[in-house]
Amino acid sequence: MQTKDINENIAWAKINEDVLRSMENPRMGYWVALACCIAMISVAVVAEIYQYQVGMGPSNLNWPHMWDLYIATFVFWIGMSHSGTLLSAILHIIQADWRKPIYRFAEAMTTFSLMTAGLFPIIHLGRVWNMYWVLPYVSDRGIWPNFRSPLVWDAFAITTYLTSSALFLFIGMIPDLAICRDNARGWRQKLYTVLSMGWQGDDRQWRHFRKIYLLMACFLIPLAVSVHSIVSADFAMSIMPGWHVTTFPPYFVAGALYSGCAAIITLFILLRYFFRFDEYMTIPIMEKTCKLTFAIAMVWTYLNIIEFAATWYGHDMVAKELLINKFIGPHAPFFWAMLFLGSVLPFTLAFEKLRRHLPTMFVVSLFLNLGMWLERWMIVTPTLSYSYQPFAWDVMWPSMVQWSIVFGSFGWFGMLFLIFVKVFPSVSMYEVKEMVFHRRHYHSDEVANKLHRRASDDQSGAEPTREGA
Amino acid sequence: MSLKNILENWSHYRQTIEDGGHYEYEHMWGMAIDLNKCTGCNACSVACYAENNLPTVGKDRMRKGQGMHWLRMERYWDEPEMGGEEKEYQERGGSFLPMMCQQCNAATCEPVCPVAATYHTPDGLNAQVYNRCIGSRYCSNNCPYRLRYFNFYSYYEESWPEPLNMQLNPDLSVRDKGVMEKCTFCIQRIRTGKDKASREDRTVQDGDIVTACAQTCPTEAIVFGDLLDQKSQVTKLWKAQQVELGKTKQDKANTELRGYRVLEGLNTDPCVMYMDRVREA
Amino acid sequence: MSGSDINRRDFLKFMGLGGVGAATLSGCDMPTTVTLEEGKEKVVAYLAPEEYAIPGIGVTFASTCQQCPSGCGVHGRVREGRVLKLEGNPEAMNGKGLCQMGQASLQGHYNPDRITQPMARKGGSLVPVSWEDAWELMREKASGTAQGRSAWFTGTVSGHQSVLLAALNKAWGSKDHYVYEAINNAVGESVNEAVLGDAAPAYRLDKAKAILSFGADFLGTWMSPVHFSREYAAKFRGGDRGVLIQVEPKMTLTGANADLWVAARPGTEGVVALGIANVLLSKNQVDGKRLPQAALDVISQYSVNKVTEITGVAGDTLVRIAEYLKERSPSLVLSGDSAHGHVNGYQNAMAAMMLNVLLGNVGKTIEASNSVVFGELKAKRGNSKAMLDFASAADAGKYDVVFFMGANPVYTAPTHLAMAEKIAKVPFKVALSMFVDETTMSADLVLPVQSPYEEWGTSVAPYQPKEAAISMSQPLMKPLSAETKSLGDILLSMLKYHGVKGYEGYEDYYAYLRSELDNMPASVKAGKDGDAFWSSAVQKGFIKAPTKPGSLNINLGDVKQGGYQAGGDYPMHLVPASNQTMYDGRNANLPWLQEAPDQITKIFWDSWVELHPKTAAKLGVKEGDFVRVESDQGAIEAQVYIYKGVHVDAVAVPMGRGHEGYGRYAKGNGVNPLKILSPAVDKKSGELATHATRVRISKTGRSEELPRLGGSEVQVGRRLVSTVSADVFRRTEGA
Amino acid sequence: MKRYYVMGLFSNFEEAFSTISEIRQHAIPGVTVDDVTLKSPIEHPEIEEVLGDRGSPVPKFTLFGAIFGMVFGFLFLAAAQANFLVQPQGGKAVIPLPSNIVLTYEMLILFGVISTVIGFFINARLMTKRHPLYSEKVSLDQVGVMLELDEKNVDSLKELFKKHKVLEIREEVSQ
């Protein structure tokens with residue numbers, strides 16, 4: 001029974017070994033997974049090519065449903081990206097050191113889900129080949145993007161966020177890349193030599209490193225918040241009932257952190273299982289993540305209630321009508337599913353027994369994410385189905401083209417992530433060392449006992465030595 | 001130098017619609033539609049198909065909601081008023097509402113377009129630049145009237161088999177897939193009318209320019225004209241109905257007048273005024 | 001271009017392609033010459049064009065719309081030698097307005113399924129032949145025809161075409177010219193003839209203050225819709241707003257605009273009229289002196305309760321109608337298809353006319369039509385009796401040769417007439433047609449005629465009581481196919497071939513027409529000499545001739561009404577509804593009209609079955625379900641549309657769809673209700689009783705989304721169209 | 001006279017630090033703590049005290065980047081809008097502050113981040129060759145204390161290292 005966030009006595013050499021091992025000789029399962037992802041992608045590519053050739057028609061989009069799954073999934077992936085920032089930046093600033101073993105893959109998740117999200121606005125364009133018109137490139141025709149449009153805000157925000165989080169991921173990885181460099185052979189060595197940028201761990205480098213890490217953390221937190229509130233502006237800035245909602249920015253951010261954390265739990269369990277990271281991704285850390293998720297889930301629930309209540313309380317007849325339609329209309333099954341998965345299911349996280357039981361958590365986290373995806377769909381579509389002009393009311397279900405592209409996006413994310421875990425250390429070695437080091441120096445056994453030990457535990461915690469390793 | 005430009009004209013560039021916007025309008029094309037006269041015969045819609053190269057998309061796509069009816073004749077049945085008993089028959093007939101782009105002055109579709117493909121012309125028209133459109137379809141989502149239609153396919157490929165294509169109006173383009181489009185108040189006719197006037201160096205007179213729908217309407221329920229021209233028939237009608245631009249709620253001296261603008265409470269400031277349907281009882 | 005080396009058709013084709021090519025491209029990325037925000041003018045080199053092709057500039061020419069018998073004057077916009085758009089001719093009776101059929105008639109002209117060259121039946125199927133062969137065939141099969149063994153079967157014809165046609169018939173010693181219109185007012189005409197002595201008097205909607213219409217869809221398909229719409233809007237709906245009451249089993253466009261829409265049990269319209277008369281006489285103290293005693297006696301039998309019992313119209317409704325008619329005089333009572341199309345159609349019409357007499361409308365809102373100088377040019381109005389007569393005559397083997405033109409009896413005839421088989425008994429059938437419709441398919445020789453916008457011609461509107469206008473048709477562009485001939489030319493050459501006196505001089509129909517106009521009486525030419533007269537006629541698009549005021553006499557016939565008999569196995573009434581999109585089926589090949597949602601139900605591209613909610617509930621069907629409508633003559637299946645605009649006992653199915661031929665757009669979509677009509681005729685006039693068929697409905701179990709435009713059918717509380725009362729209107733905008 | 005690089009590898013961090021602090025107290029004449037370079041596998045905020053505050057100019061870069069991003073961002077947008085009047089207005093001003101503020105904010109962060117990174121690369125002397133005395137142990141679990149000093153002091157330094165249980169000593173002639 002794991003009781004400590006991490007075992008202070010773990011040998012540093014072992015940390016290196018374990019992590020580096022995880023990066024080598026992929027097993028059969030890995031290749032299978034990769035193959036699946038690529039298969040999903042290729043299906044999506046076929047669908048996209050078809051759509052490109054014929055037009056948006058086959059996707060079942062229609063008047064008035066000009067948007068549907070593409071945008072919903074776009075919002076979903078953007079949301080997914082926020083967890084990484086949460087763990088790496090926020091927890092870094094409040095110095096919650098239990099983040100150290102697990103923030104690396106969360107950070108990677110951020111970058112990759114952004115790379116996935118970025119595809120959707122492009123895919124959903126009627127004339128993809130002109131997508132670059134959204135950027136303010138120098139044009140002799142003197143035409144510019146319309147800076148009033150939330151879509152342009154998206155373009156700016158996502159570029160900024162992608163750049164920053166990618167840099168953040170990379171900077172944070174440099175010392176580890178140095179480790180890889182020192183242990184790798186062949187092409188990997190060349191690669192890491194370049195990437196580690198001559199890191200040699202002298203005090204100067206560490207000093208500046210600490211600064212930049214802090215500074216970037218400070219940047220990323222407001223950035224993450226701004227990004228998702230801008231995404232929410234796509235809807236909140238419109239005048240459509242059910243979109244024009246004041247609580248959307250916080251609602252979206254909460255939802256984002258929520259789905260992000262759920263995704264972290266999923267990947268946490270997968271990595272722990274496949275890479276035998278039991279030593280680092282420990283149950284207590286898992287528990288902490290779960291608690292965090294639960295808290296956010298409650299925030300999300302609260303914001304939901306607020307939205308409903310406000311709509312109900314207000315005099316906007318049309319918005320009220322739409323709300324009722326969500327409750328009992330054709331979308332009701334999905335709507336209620338979303339509420340159940342998003343607000344009821346998370347209560348499983350409140351029970352220690354369940355929290356510590358990984359298979360349960362795995363399933364739960366998947367369902368939480370499904371709920372979050374439904375949330376996005378239920379935001380986008382019902383408003384289009386029932387808005388101001390009753391004559392334009394309609395109900396539309398997405399076609400296989402849309403579905404396959406949506407599924408493909410999961411394949412794409414999976415592929416990126418799978419490649420990542422084999423090329424880069426998915427656990428931050430140097431930071432685990434720091435964690436161990438500091439714990440060893442600042443946590444006496446008494447404290448440790450107070451903190452972690454329970455009556456049930458065996459008392460055979462070896463006396464921590466003062467030796468390095 | 002642009003910086004200088006900004007500093008000098010700052011206040012000018014900060015003017016919103018309430019302050020009259022940043023340029024003087026040459027015209028403000030508008031309509032007045034009398035639902036007392038409109039019989040819902042749908043001639044306007046077909047005339048629009050004929051004038052504006054609208055494709056016929058066929059049964060399935062039409063049913064899917066992928067049709068291109070710029071001007072749609074909406075028909076509503078009376079609903080039993082609150083508490084009122086269900087009548088056995090629609091004793092008062094139907095309510096017809098011809099809906100074409102309302103050419104809003106505070107158009108909700110404009111600010112959301114990422115590439116500025118839809119904007120306001122000095123004619124007070126809400127123009128859609130097909131060549132600039134990248135098909136994000138945000139404008140249609142943000143149009144409370146749902147009056148923007150999207151080319152979900154390359155309709156022209158099937159819509160005009162030889163020799164039907166010879167009927168196409170060369171004054172405007174045939175749209176390709178991936179482009180948003182909508183009623184333009186027959187901008188090609190406006191253009192021709194203005195050119196003609198300028199050739200005869202005179203100003204455009206009321207009646208020089210008439211849209212296809214207004215022209216074909218057997219009951220002359222649709223009146224088109226320039227709202228800035230004080231002598232134009234449409235202006236007279238707006239005045240008579242005490243309906244003014246730039247208001248979210250018309251404060252009328254005579255509250256019994258029929259004039260109103262659809263959903264004007266949303267402050268879209270549409271340029272199309274409707275006049276209520278009339279029934280004996 | 002000189003014109004000699006490249007012929008006109010290629011030139012036009014080229015222009016056409018050019019137009020589309022440019023247009024199509026401009027939808028893509030390259031900068032276009034005409035962008036939406038600023039239509040940049042493109043400089044076009046002025047290549048001396050033939051006739052009216054001036055690049056870049058649209059010129060309008062007057063002509064006449066032939067899409068329905070109303071014969072509205074049109075202005076066609078012509079650019080680069082292509083006619084692009086039709087507008088109403090402001091000076092014509094229809095004014096600047098045009099209905100959707102008129103707008104869409106262009107697609108008939110440009111239709112991809114038009115016949116481009118003669119076809120003859122060889123080995124069971126029609127194969128293209130040259131005109132020489134076609135004439136050869138005529139020579140051997142037709143020219144030798146014995147006296148009176150030939151006939152013409154046409155739609156409404158008028159003007160010089162009908163003159164030539166008469167001459168030709170005369171030459172062949174045949175008086176048999178069947179003029180058939182599926183949608184007609186024949187019963188009404190016979191009643192008018194009997195009572196007023198004037199088959200087509202002037203209905204002055206503009207003078208009426210109240211209109212009571214028994215199924216006369218004067219805004220949709222009745223006689224001259226555009227003209228009536230104009231009068232309706234200009235005066236009737238003007239300052240002192242009139243009241244419109246519509247009594248019919250299925251809501252027509254007119255019904256949808258009525259102040260009071262009343263669903264009477266089909267076939268009992270006459271009883272309703274008597275009931276109203278009864279109320280007027282008893283309650284409203286209207287003086288009955290205008291009516292003969294016999295009529296008064298009959299009326300007195302129809303107390304409100306009895307009428308309610310027979311017709312299902314509530315008593316207070318009858319009272320309300322009477323009120324309106326009383327206080328808002330002069331009124332006008334009309335009757336149309338759904339009142340006429342019964343075995344007692346004549347009585348229904350007579351009862352309606354009785355109300356006019358009782359209310360003293362005759363002379364006020366019903367005025368005498370004017371007699372005109374050119375009787376022979378007047379329109380021959382179509383009716384359905386003609387089809388019945390023709391069927392029996394053909395069945396009796398009365399003819400060796402029959403010419404079909406502008407009518408499609410094989411499609412519109414009920415199954416029980418077995419029209420195709422009967423026509424097959426005629427040895428040689430010639431179809432003069434633009435399209436391969438059902439009738440044309442059964443012909444032995446098909447002569448391709450030109451579209452109304454390619455040929456010269458004159459026509460006289462069947463309904464133009466107050467004026468006498470001969471409206472001109474002139475080519476708006478060169479024929480799309482050189483192999484087509486104008487009807488006039490075909491008739492003329494036949495006349496010449498048979499050496500009929502007085503026609504040998506003209507080398508073509510155009511020459512004939514010119515000389516005919518030259519020979520018009522001075523009163524018509526109004527002092528203009530030949531060329532001036534001609535050009536003014538062509539420019540204006542019509543010739544206004546002086547008229548002599550006619551007069552009306554009143555002798556009301558028997559207004560006795562038969563009782564209402566229940567249906568037995570077939571409880572429901574079938575209402576084959578005429579509408580402005582498909583009309584009688586002739587518009588089914590025009591994609592614009594196929595895609596244009598029906599005015600009432602908003603359904604496109606397909607047929608439907610209209611049911612009242614109660615009926616639907618009883619049957620257990622919901623919108624979109626397929627139901628089987630079965631009469632003793634057969635059955636049709638279509639999707640259900642449910643609303644409160646159809647009588648509880650009625651099933652309305654629109655006419656015009658369900659073609660077996662007639663081109664890619666018409667073929668095989670929808671069903672044809674006329675096929676299952678029972679063999680019933682109006683006893684008096686002998687007209688086909690189109691609304692007399694009884695049917696039963698059953699579920700099929702199949703269901704599918706209804707092809708209907710629009711979501712919610714109510715406004716759910718938004719102010720999109722709100723309704724104000726007429727009093728307020730009169731108060732604020734009253735004259 | 002020759003100058004040497006001498007590096008001692010310690011596994012016990014305490015010892016390493018005390019070595020440095022002794023140097024700080026001039027255990028070896030002519031060798032100051034400023035000559036010391038500490039190489040370690042993890043970051044040690046606590047060493048700062050021992051080595052003395054050596055500061056970091058990175059935040060200045062950040063500040064500059066952020067301010068530049070903000071100013072440039074807003075002017076860029078405003079200029080574009082002012083010079084391209086044919087813009088959809090929807091009744092809004094030509095230069096609408098709310099939307100421009102949003103974008104300006106993003107620009108601020110973007111430029112801030114980028115210049116921070118640049119500042120880091122410059123100051124941390126990244127993208128330079130590794131030091132000849134660099135030992136892979138450092139990336140594993142040992143700290144290296146490295147000094148650059150005159151030949152005469154080398155031995156005394158080694159003494160000092162040995163006193164503090166050094167595991168390994170490497171030396172190399174500089175230039």
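Colleague: How many residues lie between β4(C) and β5(C) in their hairpin?

Modeller: This is a predicted model, in which local features need pLDDT of at least 70, side-chain atom pairs count only at pLDDT 80 or more, and totals for chains, interfaces and linings use all residues. Residues are numbered from 1 along each chain as its sequence is written, chains are lettered from A and ligands numbered from 1 in the order in which they are written, and side-chain values use heavy atoms, without hydrogens or water. In the turn, G123(C) has a positive phi of about 60°. The number of residues between β4(C) and β5(C) is 2.

Colleague: Which residue stands opposite R121(C) in β5(C)?

Modeller: Strands here are DSSP runs of E, at least two residues, and helices are runs of H or I, at least four residues, numbered from the N terminus. Two strands pair if DSSP finds at least two bridges between them. β4 (residues 119-122) and β5 of chain C pair antiparallel over 4 bridges, and M119(C) has P128(C) as its partner in β5(C). Opposite R121(C) stands L126(C).

Colleague: Which residue of β17(C) does M119(C) face?

Modeller: β4(C) also pairs with β17(C), antiparallel, through 2 bridges. There M119(C) stands opposite V446(C).

Colleague: Why is one side of β5 and of β7 in chain C left without a neighbour in the sheet?

Modeller: The sheet is open, has 7 strands with mixed pairing, and runs in the order β5-β4-β17-β16-β15-β6-β7 of chain C. β5 (125-128) and β7 (177-179) stand at the edges, so each has a single partner strand.

Colleague: By how many degrees are neighbouring strands of this sheet turned against each other on average?

Modeller: Axes are lines fitted to C-alpha atoms, for helices over the stretch in contact, and angles run from 0 to 180 degrees between N-to-C directions. For this average, direction is ignored. The value is 20°.

Colleague: Which helix packs on the sheet and touches β4, β15, β16 and β17 of chain C?

Modeller: Contact means heavy atoms within 4.5 Å. The helix covers residues 131-143 of chain C, and its direction makes about 130° with that of β17(C). It is α3 of chain C.

Colleague: And at what angle to β6(C) does helix α4 of chain C run?

Modeller: Helix α4 (residues 159-171) lies across β6 (150-154), β7 and β15 of chain C. Its angle to β6(C) is about 160°.

Colleague: Now the interfaces. Which chains have the most contacts among the 5 pairs that touch?

Modeller: Chains C and D are out, with no contact and closest C-alpha atoms 10 Å apart. In another pair, 113 residues of chain C are in contact with 94 residues of chain B. The pair with the most contacts is B and C.

Colleague: How many salt bridges are there between chain C and chain B?

Modeller: A salt bridge is a side-chain nitrogen of Lys or Arg within 4 Å of a carboxyl oxygen of Asp or Glu. One joins R63(B) to E704(C), with the closest N and O atoms 3.0 Å apart. The count between the two chains is 11. By class, the side of chain C that touches chain B has 55 nonpolar, 28 polar and 30 charged residues (Asp, Glu, Lys and Arg count as charged; Ala, Val, Leu, Ile, Met, Phe, Trp, Tyr, Cys and Pro as nonpolar; the others, Gly among them, as polar).

Colleague: Which residue of β28(C) stands opposite R279(B)?

Modeller: Strand β11 (residues 277-279) of chain B and β28 (residues 723-725) of chain C run parallel, joined by 3 bridges. R279(B) stands opposite S725(C).
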